[in-house]
Amino acid sequence: MKKLIIALCAASFPFAAMADDPNSKAKNWNLVDEKKAIFSGKIVDIRCEVTGNCADECGAGAYQLGILTTDGKLIPPMKNGQTSFNGAIDDLLPYCGKNVEVDGLLVGADIPEQLYQIQLIKVEGGEWAKANLHTKTWKKKYPDAGGKGPWFRRDPRVKAQLEKDGWLGLGADVDKKFIAENY
């Protein structure tokens, strides 16, 4: 894992030189050190690119996906265009192995804090599509996760983890003690 993180950080260094693209149609989110950026490249399974351990069809969404640019830079997008901390895998997976253009925001001043958020995606020469599939895909996968609020508060996987480890990750008894002492 440490090698993967180092490889991702090293791959990310060229970001600053490509940022603030005047052709970008990405919306400003007024985040710290935000810059508009368009990248072109092939959608790849990052684990496969870094380790050589490759799954069919980019792992069907089980692994982090990235954009491998024609000049060999590996861009690991951290989220899509939605505001509720949604990953970009659902938006990238249909393009596995294809060449695309992505438009979005680079956020953060320095590596490793800098991350890329995809707002738009298209096959080269095609039409731009919004990168906002996560919530739609999630609703299809968990149709019984009703209620109000963001998806992650209703996600059965998140609820199971909270049930197992508590809000602080230390168990329900620690949560009770913390709440009693602080609230």
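Student: What should I know about the model before we start?
Tutor: It's predicted, so local features need pLDDT of at least 70 and side-chain atom pairs pLDDT 80 or more, while totals for chains, interfaces and linings use all residues. Residues are numbered from 1 along each chain as its sequence is written, and side-chain values use heavy atoms, leaving out hydrogens and water.

Student: How many salt bridges does a search of the whole structure find?
Tutor: The test is a side-chain nitrogen of Lys or Arg within 4 Å of a carboxyl oxygen of Asp or Glu. Lys73 with Asp71 is one of the pairs, at 2.5 Å from N to O. Searching the whole structure gives 3.

Student: Which strand holds the salt-bridge partner of Glu101?
Tutor: Glu101 pairs with Lys122 at 3.9 Å, N to O. Glu101 sits in strand 5 (residues 99–107), so the bridge ties together parts 21 residues apart in sequence, and Lys122 lies in strand 6 (residues 115–123). Strands here are DSSP runs of E, at least two residues, and helices are H or I runs of at least four, numbered from the N terminus.

Student: Is Asp155 buried or exposed?
Tutor: Asp155 bridges to Arg157, with the closest N and O atoms 2.5 Å apart. Buried means under 20% relative accessible area, exposed over 50%, and partly exposed in between (1.4 Å probe, protein chains only). Arg157, at 45%, is partly exposed. At 0%, Asp155 is buried.

Student: Which residues of helix 5 are buried?
Tutor: Helix 5 covers residues 134–141. The buried ones are His134, Thr135 and Trp138.
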